Amino acid sequence: MRIPLSWLREYTQLPAGATAEDVMADLVAVGLEEEAVHRPADSIKGPVVVGQVLSLVKEPQSNGKTINWCQVRVVPEGHEQTLTGKGIDPSGVQGIVCGAHNFVEGDKVVVTLPGATLPGDFHIAARKTYGHVSAGMIASARELGVGEDHDGIIVLSRLGLDPEIGTDALELLGLTDEAAEINVTPDRSYCFSIRGIAREFAHATGTVFEDPATQVKVPEKLDGGFDVVLDDRAPVYGVPGCDRFVARTVRGIDPTRPTPQWMVSRLRLAGMRSVSLPVDISNYVMFELGQPTHCYDLDKLEGPITVRRAEDGEKIETLDGKIRDLDPEDLLIADAAGPIGIAGVMGGASTECSGSTVNVLVEAAHFDTVTVGRSRRRHKLPSEASKRFERGVDWQVADEAAQRVVDLLVELGGGVADETGTDVGTEPQPVTIVLPEEFASERIGMEFSEELIARTLGDLGAQVKRRGSDFLVTPPSWRNDLETKEDLSEEIARLVGYDKIPSRLPVAPPGRGFTRTQQQRRRLVQALADAGLTEVLAYPFVTKAANETFGVAEAGAPRPAVKLANPLSEEFGWLRTSVLPGLIDVAKRNHSRGFRDLALFETGLVFLPEGGEIGTATIPPLGALPSDEVLDALDAGLPRQPLHLGAIMTGHDSPAAAQHTPRAWDWADAIDVARLAGDLLGVDLVVTQGSHQAFHPGRTAQLALRSGEVVGFAGELHPKLLAAHDMPARSVAVELDADALFDASPDVVVAKHISTFPVATQDVALIVDAAIPADDVKDALREGAGELLEEVHLFDVYVGRGIEDGRKSLAFGLRFRAPDRTLTSDEASEARAAAVALAAERFGAVQR
């Protein structure tokens, strides 16, 4: 909401020297948010004055253009020129070249003299052009930043102005005014008006507020006017779409009368362009009182007005020139010929006021917030009116707003108002809130006296009575957001001053903190980050093909997925069943920007519908708290959402440097990420040869728990998949079911004892069938060696000369250590022999 300061001064005691910054600082104190300052004078520097064209000579040019060589008086005849500067003629008459042709001799215009600066840092100086020295410029609306018209210059008589020559044009056109812009939260709809802001400024500064609504004289009773029927047969949540409609008639308006410049200037500074006198007056009253109004061309109306819901198949052409298909939930203003407006959103083109309109019907109505909000979203048609109606408008101010429009049409348009009028509808019952005397003090944390509470709520505009130790508070009609005692407590704190509330740190209750799963997740994320991987967050929306590729290991296997009913993109219309597609997209985006060496990871939910129905047969109604049964049914309709860990690595593990050759990531690194996660959580992962359609056929590891449950895959991504995504060859990835790891993790991960006794190491190479997994052989060695074996690791796999076809050589390093003594070489050799014997028994292993 933009607040022109000259407008604000009419209804509150704004200091003469106050700036927009000062106003915003005061409004922030009562809970409003500052946005920006709009000060046209910041981009314009004088001298910019009123001039009169004394002579005009048309001179055709060789380029086909005709220019006007003008003599323009900028100082009243008989007066001295007090301005000095290069190019300013002491005689008070400037010679100016002008290319516009919409003026004649005798017209008063706006002249920018040498030394002036216009918006866009455009400096005015005396320049030689078209054979003349042009000492200044006759300005257009666009050049001054007061409009978009650039085809002709400003002729002041057409604006209804006849100022004295030499008058400061910046002040005349309202360019010395300024506006403070604030952000209005949805619960403070009354602040979308000068009326509301002036009231808040008075609260903030303790000054006097004059309500503009009380300055309008309204007839005690309106009847006998234009016929209006309220006929809402399908109210939303039982609330009528319109509960008040005021209509007034003004006849004999002069359609040639322009909107006065003071009104144009204020509307422009408030962010609204000038259209025509009736429309400008309607907008002006909306900004002033917060009540949107609408002016119909009375001669275009056919029969009485009916406020009703749309019928199937109805259409309307709105003021923006678009034909819109109406929904049965849309609330319409209609006459005998059909719809003439979408209530609270936008009027129709068929009854629009035009340059020939002489008779006007003024509407000021009160519409349901939900109805207006839904229509605005349905038709994607935001407007200043809908912005106010969908947040709530004062029911009581409709007649004052209509009267204010009527008064301005009579004063500025020369019309005559009918003595009759229309005011139909039912006044809502006021809400009375019970506020216990101590409630505000206990809730806010500071002491509020009885007198302070009563005075503060009274200043708010509420009616306050006492009943025992309670206050009975009836909020004012413009505060539809005040419904509970908590709302009143917050208003008391706001008006007394947030800065007066004492600070007090809360004491954390004992026995609280992160859950076991939260602790595990944080440890896991921190460990991966410490290992050099970068955490990212990818979109959970993927293509159907991505789910079918990454969601299941075997190609063609069914993978149920959740399809979005209203996706942002039809292509990405599915919830993910794997985190890898999103990681690949992130890596691809980084590659396109020149980042090739990546190690990325993400922990996020995947969505796995497994049996049963997803969702519910019906959607719970809005505006009502669902029952426990309904909530249970909604919860039962959700898919399973386990937390997955995914990582992708491309390029090299480090940047190249002098005397350092970086190593390319390979499948073993992906497995190491999985092992890191398992070690951190105290889970022993079983790594075996695996198969997954998204991974390389021979470089894929299956990751499982000791119980046999498969929890993920790791390895090199499939070459065809990498090529399709324009990714580097040999990129590797891993995905794990983190929830499964959390469940398998012990409550306490016990660190291994570190022995102080020396270690004994021995190696062994075993020849086994090529199909036997190396991990199975390693398990046999570990079991056979017994308690003295501290660690066993595979360090070489050999196939080739000296090894039979279909066989392979596996070389293991064995590390032995006793917890209570130094091992002899015989003890280590004996344990090694037992390990080899068990491997030979199980797999036919032959020592090489």
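At what angle do helix α2 (residues 20-28) and α5 pack, and how far apart are their axes? I started my notes there, keeping in mind that this is a predicted model.

**Entry 1: α2 against α5**

I looked up the pair and got an angle of about 75°, with the axes 8 Å apart. Angles of 65 to 115 degrees count as roughly perpendicular, so I wrote α2 and α5 down as roughly perpendicular to each other. Next I checked who touches whom. From α2 I found Val-23, Asp-26 and Leu-27, and they meet Ile-197, Glu-200, Phe-201, Ala-204 and Thr-205 in α5. I sorted the residues of this contact by class and got 5 nonpolar, 1 polar and 2 charged.

**Entry 2: the cavity**

I listed the lining and got 14 residues, with Tyr-190, Leu-289, Gly-290, Asp-394 and Trp-478 nearest the centre. Which helix gives the largest share of that lining? I found that α5 (residues 194-205) does, with 3 residues. By class, I noted 4 nonpolar, 6 polar and 4 charged residues in the lining.

**Entry 3: α21 against α22**

I then moved on to another helix pair. Helix α21 (residues 774-785) packs on helix α22 (residues 825-843) at about 135°, and their axes are 7 Å apart. That angle makes α21 oblique to α22. I also looked up the handedness, and α21 passes α22 in a right-handed crossing. On the α21 side I noted Asp-776, Val-777, Ala-780, Leu-781, Glu-783, Gly-784 and Ala-785. The α22 side brings Ala-831, Ala-834, Ala-835, Val-836, Leu-838, Ala-839, Arg-842 and Phe-843. What is the split by class for the contact of α21 with α22? I got 11 nonpolar, 1 polar and 3 charged residues.

Last, I went through the backbone. Most residues other than glycine have a negative phi, and most peptide bonds are trans, so I jotted down the exceptions that turned up. Gly-46 and Pro-47 are joined by a cis peptide bond, with omega about 10°. I placed Pro-47 in the loop between β2 (33-38) and β3 (48-60). Lys-380 has a positive phi, near 50°, and is not a glycine. I traced Lys-380 to the loop between α8 (369-378) and α9 (384-389).

Definitions and conventions
Residues are numbered from 1 along each chain as its sequence is written. This is a predicted model: local features need pLDDT of at least 70, side-chain atom pairs count only at pLDDT 80 or more; totals for chains, interfaces and linings use all residues. Side-chain values use heavy atoms; hydrogens and water are left out. On a 1 Å grid over the protein atoms alone, a cavity is a set of points where a 1.4 Å probe fits but cannot get out, and a pocket is an open set with protein on both sides within 12 Å along at least five of seven lines; lining residues have an atom within 4 Å of a point. Helices (H or I, at least four residues) and strands (E, at least two) are DSSP runs, numbered from the N terminus. Ala, Val, Leu, Ile, Met, Phe, Trp, Tyr, Cys and Pro count as nonpolar, Asp, Glu, Lys and Arg as charged, and the others, Gly among them, as polar. Axes are lines fitted to C-alpha atoms, for helices over the stretch in contact, and angles run from 0 to 180 degrees between N-to-C directions. Angles under 35 degrees count as roughly parallel, over 145 as roughly antiparallel, 65 to 115 as roughly perpendicular and the rest as oblique. A crossing is left-handed if the near helix is turned anticlockwise from the far one by less than a right angle, and right-handed if clockwise. Contact means heavy atoms within 4.5 Å.
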